[in-house]
Structure formats: structure tokens, C-alpha cells
Amino acid sequence: MIASSTPPGGRLVFVTGTGTEVGKTITTAALARAAALRGLTVQTIKPVQTGCAAAPDGTPIGSDADLYREACPNGAAAVLDFYPVPASPHYAAGLVGKRLSADSIAAAIRARQADADITFIEGAGGLLVPLNEAETFADVIAKLPGVQVVLVAANILGAINQVLLTLEALRARGLEPAALVANQSNPAVTMDDTAAAIARDNLSVYRTVGKIPVVATLSHHAALYGEPVELADAKADNEKTRHRDSDRADAWDDASAELQTVVDALTASPNDDNEEEEDVLRQDAAHLWHPYAKTHPPTPVWEAVRTAGTRITLRDGRELVDGMSSWWSAIHGYNHPALMAAIREQVATMPHVMFGGLTHRPAAELARRLVDIAPRGLGRVFFADSGSVAMEVALKMAIQYQHATGHPEKRRFLTPRGGYHGDTIGAMSVCDPVTGMHGLFAGVVPEQIFFDKPACPFHGEFQPESLASLEEAFRLHADGIAAVVLEPVVQGAGGMWFYRPEYLTRLRELCDRHGAILIHDEIATGFGRTGKLFASEWAGVTPDIMAVGKALTGGVMTLSAVLAKDAIAEAISLDGVFMHGPTFMANPLACRVALASLDELFTCHWRDRVRHIEQELAAGLEPLRPAEGVHDVRVLGAIGVVEMTEPVAMDRLMAFFVDQTGAWLRPFGRLIYTMPPYIATDDDIRTITTAIQRAVKEKAWR
């Protein structure tokens, strides 16, 4: 196989295509820019270009080199040979009495090889475009020792055959492509639902059937294709030009960012990519312990190397649509520019300072913002590290409050079955006693009081009898109950169960009657996930204590907060100090990015986005209701759930999603579910729901 080594003088990358007009020039220019941004010296060469007239000084007019220079101003660019007639190179050269040869073209390229760390060479047309009666561009590639090949194809109907034929031709000559760029830059192609589905399937075929190690997509960047608009007014024309130049620079940045995985593959040392992935996975298997996983045999994992928007990029270049929002936290997607800017600004001045005896603006502003948007009456904010720690704080607040108000006997918690509140000891004690960890940690986890989970489905009628178990628990244990702890409206990791808001109204009344604190765990439901900013709003209820986390920072950093009524804080303070204080409490970086996340939430029309996602999830998942093995289908806000009749084979099902569907989903128990980012497009949602449909219909869950 050629490209087994990199010769002295710099790397050579030949960009060929499945034909003409597939986007080779834009791809080549974007690759050059991406490589330059990596700190490499770059040159870009077009060996032969047709359709170019000559200027008086003999240089080509309007050649592809102009585009290369625009994309990569610091790189060298050249067209080595050009002809005026826009035709196949052999024909255009023949019209002026010249004969092209693979040897001469390859020699001209090799002569320039030492001039840069990496040289991109763009072929004309496709791989087998003839140079003369006996040679094609494939022969040029074969004469360039150590060359790497990037194949470009239009990502449209009919492309599969062209790609597979080109691959066959490459491999017949001992050439193995380093990457394929599936180009969606043709503005004439309308990406409706069918075209989008075809484009996704193309990528899957290239990876599985074509066995191409890196497959990247290049979106349509209109600014790179538009012609200048002539305006009569010179000032307006100059202003228009400045705007157009700025738009094109941004478009080049976006295009080069999309091709970073290709540059990663091209700039790795021979076999480094596979070795690096194997090394990471080997170290992982030897030393890491993943959540809810065994170490022997190790749970399957995939190496992620990059995130952007709704996508997770794996080491091998595959992109996965994230259907989990990184465990429900990355509501704005990944690498959101406003959140990244907030991190950069804060880290430059004060990344951390202890909160004992000191304060700072990010914490003060975030506390005020949370009080302003939370259910009315929650006036005090205590910052913690994570969701589990926030629940520990909430439980301790309830205990200290009861002690401070003369009820030290109230030390136990009342909580519904089916709940989940975290993995620390106190939080575990109020998780479901059967599906949680109580049995394993019996004698260590405090024993709490459980009642039946709310049995009234969210989309059904409220059933007063669903309160019977709760009322009975109060009748038997009211004197010892410090607080009732539950997830409002949505029981999350304990079963993804949605129940009627009226249940919370009745519960509020019972807590007031029996002197129990009401704690709402909004760690999973807060910040819009259910269609309300906080799930408590569905019932118009204010808890005494509310815990938030996960989406608080947009999934960028770990931070949680416990909001309490002023009366809770005052009572504890009159009795003493609250006995909790994390080392990284109110970390300035985390608080600053949380402020940026809230800013983004309230400017992105999150209600409309969540409502639309709810409609798309329902449209994609509801048809599965009668399918074999399906027990129930539930959708609320940006949460979609397919509950099976039996537990799913999680490891096999995750591998199916990664390898066959391009979606990142992590099922558990009997649930195949999704909580996508709010920025998810209709295409993203269809990728997710189609993946779930296939898993169910193809019985991949078993």
C-alpha cells in the first residue's frame, strides 16, 4: 500500500474526486486552511487547470490558486499548467499541440515537495481522467512516494456507485484513501427529508462497505459560492465587499473546522492514528473504571476526540448525533461560542478562589439570576459540586431546619418508589429501594420511608386514589418525617415516568399539614427540559428546597445549586451554622459559564425549540407503540422514551447505535430514551428516532 511512509521534504496529499463539480477545490482550500491553523507550512498545487485564460504576463486568470490563497493567505499556491478550453486536460492540451505525461507532472510536484510541511494537490475531474492516450491522474498519484489520498464525492443520490467504483480503481493500483469528504456544497441540491436520509445512508455505506477509515462531511457554505453583487454607489459597494469578505472568512473557518478530522488523519505519523486509539483503549481497559460498569470484562467504550454542536466525533472520524445531551446537561450543544468565550474571559482573571470568607461577582450574579427565575419564594442559594452533592445538601438542610425549629425527632425522609437522586450515601437512601442500591448497601444507607410512585400518567386524568399510599405513609410516620423528596412531574433515571402535576399540588398540602419540608429534585428537569423552565411550574407549586444541576452550566462544567426559602436559612442560622462547605463551592469559572448558559437559554426561544422537539419526538416514536416488545411510548418536552417489556442488552444496543445508525444513545433497564440538545435540528431528531425505530424493529435491543 502506498503512503506507508512520509518521504523527506514534507507530506503530499492528493485530492481527487468521483467526477467533476463535486467540490474538490473548496475541499482542497479548506484542508489547506485547516492545516495552516495547526501551525504547518502549507502549499497548494493544481497541476493542470483548464478553462483559464492567460494574463499579459503569462499567469492564469481566475485560477483555482486564487481560491487557495483566499482560504490560506499564509500558504503558497500555484497552478503549474493551464489551458483556455474548459475540457478534459488531455483534450485541452492537445488543442494547443501539447502532450501531458504522468512523469512530468509528478516530477514538478516532487520538485516543490520540500517547500512546505504539507502539500495539497488537486486533480482535475476524477481519478481516471486521462492525461494522454495511455495515462490518467491515477498514474500521477502512483508516482508520488508516500502520497496520501483524499477522495471527494457529492453527498447525493447516486454517489455510492461512483465512490465504490473509484475506491475499486484506487485499490487496484495499491492506493488506499486516507479519508473521504462527502460534500454537501452543491446549492442545487435541496436537502429535504428524503435527501437527508440518503446522505446519512451514504456515509454509513462508505464506512462499512467502502471501509474508509475517516469519513467527513462538508456542509454547504453559501458565502464561498456567491458572486459579488455590483452596486452603483461606491461607498455601498465597499461596505458590501467588507461584509462579503467577512462572511467568506467565517465560511472558510467553518469549512476548515468540519475537515479537522481529515487533517488529524493526514498529519499523524504512519499508523499513529490506529496506534493512538489502541493505546487510549488499552490504557482505559487497564486503569479506568466507567460509571455503572465492570472492569473485567471491560465495558465497551469508544474514544471521542472532538465535540461540536450536536455531534460527537470518534477517533476513526465517525460523527454521532448526541441524543443524550451528555447525560442531559449539554442543552445548547457542544462548544457553544458564548459559553467558550465566558470560560476564556473568566480564566484570564480568576479561575478559582475559596468561598469561605470571600465572594465574587459570578457567584453573586448567578445567585440573583437563579432567585429571579426560580419558583417564587426561594430566596437563598447554596452552591455545590454536583447533583448528588446538591441532594446531600438539601437533605442536611431539612434535618438542620427541623432540629432548629424544635423537632429533632424528624430525621427521616419520605420519598416515592421509582425515584433517583444520586449515588452518594444520603442521596442513595432516597432512591428506589428495589432498582436502586439499597440491598447492596444495607446497613450503611439510612433506611427511609417509601410510598407508591404517582400512578397517574401525565397525559391521563388525575386519580385521587393515587395519593392513598402517600397519605398512609404520613398517617403512620408523620412525627418522624423531616421532608418529602421527589422529582417533580418526571421521575428520571429511576424509570422515565411522567405523572400528573396535580399530584404535586396535593403533596404540597400534605407537607404543610404535617410539618414536612418539601424538596424538589430539579437536577434533570430544570432549565426547560419538560417544556416549563422548572417542572414545579406545571403545578404552580413552590417547594421549600429545590436542587438544580446538570444543565445549569450548559454541560460545560460541574456545578449545582440548592435554592431554599428564606425561612429555612433563617431558622438554621439562628440555631448555628449550616454544616456543609465544598472546597470548590461557587467556582468562578463554573458560575461564569452558568451565567452565559442562562443568557443563551433566554435568547434562543427555548420554549419554541422544546415544543418543536416534543412534536418531532412524538412523530418519530409514537408509531412504535404497537411494535413487538414495546410496553409504552412516552414523550414530554425534549424527552422521548420507548419502554420495552424486557431489559435491553445495553452494550450490544449501544454498539448497534454507533455502528449502524450514527446516533449516540445510552439505554438502561427496559428503556430506550433520548434527551437531545435544544439546538437539535429536525434532521438530528430524525437520526435519533430512526435509530430507535431500527433498534426496535430489528430487535437489536435483545
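## Where to read with care

Residues 1-8 keep a pLDDT under 50, yet the model gives this stretch 19 contacts beyond four places in sequence. Here pLDDT is the predictor's confidence in each residue, from 0 to 100, and a contact means heavy atoms within 4.5 Å. Residues 239-243 also stay under 50, with two contacts beyond four places in sequence. Where pLDDT is low, the predicted coordinates should not be read in detail.

A word on the ground rules: this is a predicted model, in which local features need pLDDT of at least 70 and side-chain atom pairs count only at pLDDT 80 or more, while totals for chains, interfaces and linings use all residues. Residues are numbered from 1 along each chain as its sequence is written, and side-chain values use heavy atoms, with hydrogens and water left out. For the chain as a whole, the mean pLDDT is 90, and 93% of the residues reach 70 or more.

## The chain as a whole

The chain holds 22 helices and 25 strands. These are DSSP runs numbered from the N terminus, with helices being H or I of at least four residues and strands being E of at least two. The C-alpha trace spans about 105 × 60 × 50 Å along its principal axes.

Of the 702 residues, 52% count as buried; buried means under 20% relative accessible area, exposed over 50%, and partly exposed in between, with a 1.4 Å probe and protein chains only. Among contacts between residues at least 6 apart in sequence, 74% join residues at least 24 apart.

Searching the whole structure turns up one cavity of 30 Å³ or more, and the largest cavity has about 60 Å³ of space. On a 1 Å grid over the protein atoms alone, a cavity is a set of points where a 1.4 Å probe fits but cannot get out, and lining residues have an atom within 4 Å of a point. Grid points are joined across faces, edges and corners, and the volume is the space filled by probe spheres set on the points.

The lining of the largest cavity includes D284, W289, H290, K294 and P298. Its residues divide into five nonpolar, three polar and two charged; Ala, Val, Leu, Ile, Met, Phe, Trp, Tyr, Cys and Pro count as nonpolar, Asp, Glu, Lys and Arg as charged, and the others, Gly among them, as polar. As for the cis proline, H296 and P297 are joined by a cis peptide bond with omega about -10°. P297 sits in the loop between helix 10 (272-287) and strand 10 (304-308).

## Two positive phi angles

E21 is not a glycine, but its phi is positive, near 60°. This residue lies in the loop between strand 1 (11-17) and helix 1 (24-37), and E21 counts as exposed because its relative accessibility is 71%.

A586, also not a glycine, has a positive phi of about 55°. You will find A586 in the loop between helix 18 (566-575) and helix 19 (588-601). With a relative accessible area of 0%, A586 is buried.

Y401 belongs to helix 14 (residues 387-404). Leaving out residues up to four places away in sequence, Y401 touches I517, A567, I568, A571 and I572.

With a disulfide taken as a pair of cysteine sulfur atoms within 2.5 Å, the count comes to zero. C456 is in no disulfide, and the nearest cysteine sulfur, that of C511, is 16 Å away. C456 counts as buried at 0% relative accessibility, and C511 counts as buried at 1%.

How values were computed:
On a 1 Å grid over the protein atoms alone, a cavity is a set of points where a 1.4 Å probe fits but cannot get out, and a pocket is an open set with protein on both sides within 12 Å along at least five of seven lines; lining residues have an atom within 4 Å of a point.
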